[in-house]
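Please look through the structure below with its charged side chains in mind, and follow how some of them pair up.

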Amino acid sequence: MPYSLFHTRYLSLLIGLMIFAGGPARAGVIGDVVKDFKPVPGYVVKVQDDGYLIDLNAKQGIATGDLFTVIRPGENITHPVSGKVIGTLDAPKGVLRVIQMKSGYSRVRVLGEGAGIRRGDPIRRYDTMPALFWDYTGSGEALFLELRNALPALKWERYEAAQAGRPSGPGRVRSMTPGVIFILHEDRLEVRDSEFQKIRAYDMAGAARQSAPAVRPAGAKEKPSPPQITFAPEFQHFQRISDLPGVTAMADFIRYDGKLLMAEAGDARLSVSEVGETLSRVAGTTLVKGTVYSIRWWQPTADAPPCLAATIWYDDAMQSAVFALRGETLEAVGTYIPHILGTFDRDGDGRPETLLQQRFDRDTFWARGGIRELRMTDGALRAVETTLNLPAEFTVTGSLMADLNGDSRPDAVFVRGRSLYIYSGSQMLYRTPGMGGSLSAITYALNPGQQAVMTRTAAIEIAPAVADLDGDGRPELIAVAATRAAASAPGIYSGFRNSQLAVFKFQNGAFVKGTLGDQLSAPIQGIGVDGNRLFFVESTPANLAGKGGQSSLHAYVLER
C-alpha cells in the first residue's frame, strides 16, 4: 500500500477514534442500540389478508417499526465426533415490519417480497438482514466498527462500499434489499428501514465530543448528554379523520358536555365541529370583520358555555373578539378588543379557565409586560391586573402553562422566533431551536402613514399541548417543529420543507427532546389530545396566486 494512501486511511480512522472513543455518552448510545436491535425470537401465529400476526408485543421489548426476518429452517449441522446437532443452515424467507402492537400479539406487514410465509414460521428480530452504515460526518468509521461488532446478527456491508453507494443526501434507495440503514449525522444517529421509514433515533451531541475533558469549575459536576426519545403511536402512521373546507390557519380542541369539539379558523371564518370517527358540524360558519389569526377555547367556569377567543386583525389594527357557543350559534360577547388573546389551563383539569390579553406593539408585536387577565363579570368582559409571574418575552399565543418538572407549579411554555422556551417564573429552564412554523402570520406596517412604508411579519404559532403519552403519570409536552424555505408571501408562509410533532419529557433533572409519528410535508395548524388519541390539523397552503390549498384532520392512536 502506498504511504500516502496508508497515511490518509490511518489518519481518517484515528480522527474517528478520537471523536467517538471512550466517553459515557458514546458508550450509552452503543448500549441503547444493542438493546433496541438485539435479536428476539417469535412465531407467525396468523395469516391475514393485509398482513400477519406475531406472538410478540411491547412486553418483549419490541416497538412499532421493528423488523423481523422470517426464517426458513435448513439442514442440520452435526458435529463429526459427537454427532450432536450444533446448528442449522437457516435462510431468510422474508422481512416483516411491525405496524401495530396489541396485548399479546402484534400486527405486521411484509417489507418488500415475502411469498410463502405461513402460520408457525419462526421469526427473529434484526437477524440475517442487510445493514448499511451511511456516514455523513466523514469521521464515523470507528462507530461503524463498534456497531458491527455489537450487532453481529446483521449482514453488514463494508464501510467503504456503503459510502461509495450512499446518496449525496439521506433518502430512499429503491433498489435496496429489505433491511436497515444506520445514518450518522453530526448530531444524531438515525436508523431507517429500506423504505426509509424511521425506526429509531439517537442523540449524538454528547458522543461527538473529543475525549479530552472540558475545563470546568472545581467541584462542578458534568451533566450527562440526554438521550433521544421516540414516542411510538399504536399505529405506524396517522389515521385520516376528515378533510376540512378551505385552508385552516388555526384549530383548537375542547371536551364539553361529553363531546370533543374542534374550532377552526381561516381568513374571516370561524366554525365548530364535533369530532368522532368523522366530523359533524355543530356551529355553522361565522364570518367576522378582518382576518382571524388565532383561536383558543376558553371556559371561565365549569357551568359556563365554552367560548372562542379569536385574535383578529382588521383595518391595520388588532380588533380581537370573544364568542360564546350557545346551541348551534357563536354569539359575540366581546368585540373590538385591541389586544392579542390567549387562553390557559393552569390547574391541568382540562378546562382552559384563564383568558389573557397582551398589548400589540408595532416594534415587537408582543408588548413586553403588557399582559392582563380578562374576566367575565355580569355578562361583560373586564380587564384586571394579573398576578402571574411571567417572563418578559412571553407571548399569549403559541403558549401554555403546565407543571412539567413536578414541582407543583405551572411552568410557562411558549414558541417565539422559531425557538421553544420553558420558564419557571423568570428563570429559563430550557430552550431549543427549530420549533414552530405556523402558516398564520400577520404582515403589518411599522410606520403607517409614511410615504416609504416599512413592514414586519409576525408568526402566530400553534399552542403546544400536554398529555401523559407513556402512561407513567407525568405529563409530556407536545409541540410543532418545522423547517421551511426562505420564500414566503405576506400573511401566509409558503415553501415549507417538513413538519413533525416534537415531544419533551422531564427526566433525571433535565428536559429530553424526542419525536412522535411521521414527518409531514405540510405545516401542522392545531394539536389536541383526547383519551388515547392525538389529533392534529395539517394544512397545505395555497400557492402565491391564491389557488389550491387543503386542510385535513388526522389522529394518532397512542400506545400507553
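In this predicted model, a network of salt bridges links Asp187, Arg188, Glu190, Arg192 and Lys198. Within that group, the side chains of Arg188 and Glu190 meet in a salt bridge, with 3.1 Å from N to O. The two partners can be described by their accessibility: Arg188 is partly exposed, with a relative accessible area of 30%, whereas Glu190 counts as buried at 7% relative accessibility.

Side chains of opposite charge can pair when their charged atoms come close. Another such pair to find is Arg97 with Glu195, whose side chains form a salt bridge at 2.9 Å, N to O. This pair links distant parts of the chain, since Arg97 lies in strand S6 and Glu195 in the loop between strand S12 (188-193) and strand S13 (198-203), 98 residues apart. Arg97 is buried, having a relative accessible area of 12%, while Glu195, with a relative accessible area of 29%, is partly exposed.

Strand S6 (residues 91-101) also holds Lys93, and the side chain of Lys93 meets that of Asp121 in a salt bridge of 2.9 Å, N to O. Because Asp121 sits in the loop between strand S7 (106-111) and strand S8 (122-125), while Lys93 belongs to strand S6, the pair ties together parts that are 28 residues apart in sequence. Asp121 and Lys93 are both buried, that is, each has under 20% relative accessible area.

Taking the model as a whole, the count comes to 23 salt bridges, and the pairs described here are among them.

Note on methods. Residues are numbered from 1 along each chain as its sequence is written. This is a predicted model: local features need pLDDT of at least 70, side-chain atom pairs count only at pLDDT 80 or more; totals for chains, interfaces and linings use all residues. Side-chain values use heavy atoms; hydrogens and water are left out. A salt bridge is a side-chain nitrogen of Lys or Arg within 4 Å of a carboxyl oxygen of Asp or Glu. Helices (H or I, at least four residues) and strands (E, at least two) are DSSP runs, numbered from the N terminus. Buried means under 20% relative accessible area, exposed over 50%, partly exposed in between (1.4 Å probe, protein chains only).
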